[in-house]
Amino acid sequence: MKFFIDTANLQQIKEAQDMGILDGVTTNPSLMAKEGITGHDNIIQHYIDICNIVDGDVSAEVIATDFEGIVKEGEALANLHEQIVVKVPMIREGVKAIKYFSDKGIKTNCTLVFSVGQALLAAKAGATYVSPFIGRLDDISSDGLSLITDIRQVYDNYDFDTQILAASIRHTMHVIDCARIGADVMTGPLSSIEGLLKHPLTDSGLEKFLADYRKTNS
Ligand code: E4P
């Protein structure tokens, strides 16, 4: 399972990269705004800064919603850095653009996916990644994890190459459940990854080992 961090915060990206377990980064316009990154040139520079920190794929989202606009913006983003993946919304023009990018060998992440039908379309168009938003489904009393299960089944039925990128992860149990189901990738906040470290028996066990060492080696 690949681990992506879902943030535009450079410090958090560095921390995850330093742990040695980071495979990539996803961003979106809201995450960029949260970090105060505004204006075309600053946004572009920020994507390059992120690519220089992390080794893997970095999703950069287009703002255009028409085919020509998505293609123009996506090609410019893809030319920025070899790690850039063009993030395209699940709309009619987006599906068309994903097919165009796929034919040209440009990696894509189909975002804002909330149903199996949408995931099927993304795979048919040749998306590199599909991003089902599990947290946002949970927020409206829908079962986000069962969407991941359903997409897994459909993709396996037909051996689609599109990778399931479980997005809108809110906490550590989402990460574990997505791993059980077989999502190819998770993207979430740093806290959802750090939560995997925690166990009280690890802490108390280490404390005892160190205390015993100190008692016999001082
Ligand atoms: C995915 O790529 C999105 O950036 C993200 O996971 C959305 O998460 P949110 O629902 O926490 O905003």
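The structure is a predicted model, in which local features need pLDDT of at least 70 and side-chain atom pairs count only at pLDDT 80 or more, whereas totals for chains, interfaces and linings use all residues. Residues are numbered from 1 along each chain as its sequence is written, and side-chain values use heavy atoms, with hydrogens and water left out.

The chain contains eleven helices and eight strands, where helices (H or I, at least four residues) and strands (E, at least two) are DSSP runs numbered from the N terminus. The eight strands form a closed barrel in the order β1-β2-β3-β4-β5-β6-β7-β8, with parallel pairing; two strands pair if DSSP finds at least two bridges between them. Neighbouring strands of this sheet are turned by 30° against each other on average, direction ignored, with axes taken as lines fitted to C-alpha atoms, for helices over the stretch in contact, and angles running from 0 to 180 degrees between N-to-C directions. Strand β1 (residues 2-6) and strand β8 (residues 185-188) run parallel and are joined by four bridges, and Lys2 has Val185 in β8 as its bridge partner.

Helix α5 (residues 92-103) lies across β4 (84-89) and β5 (108-113) and runs at about 155° to β4, while helix α6 (residues 116-125) lies across β5 and β6 (129-132), at about 165° to β5. Of the contacts (heavy atoms within 4.5 Å) in the chain with a separation of 6 or more, 57% are accounted for by residues 24 or more positions apart.
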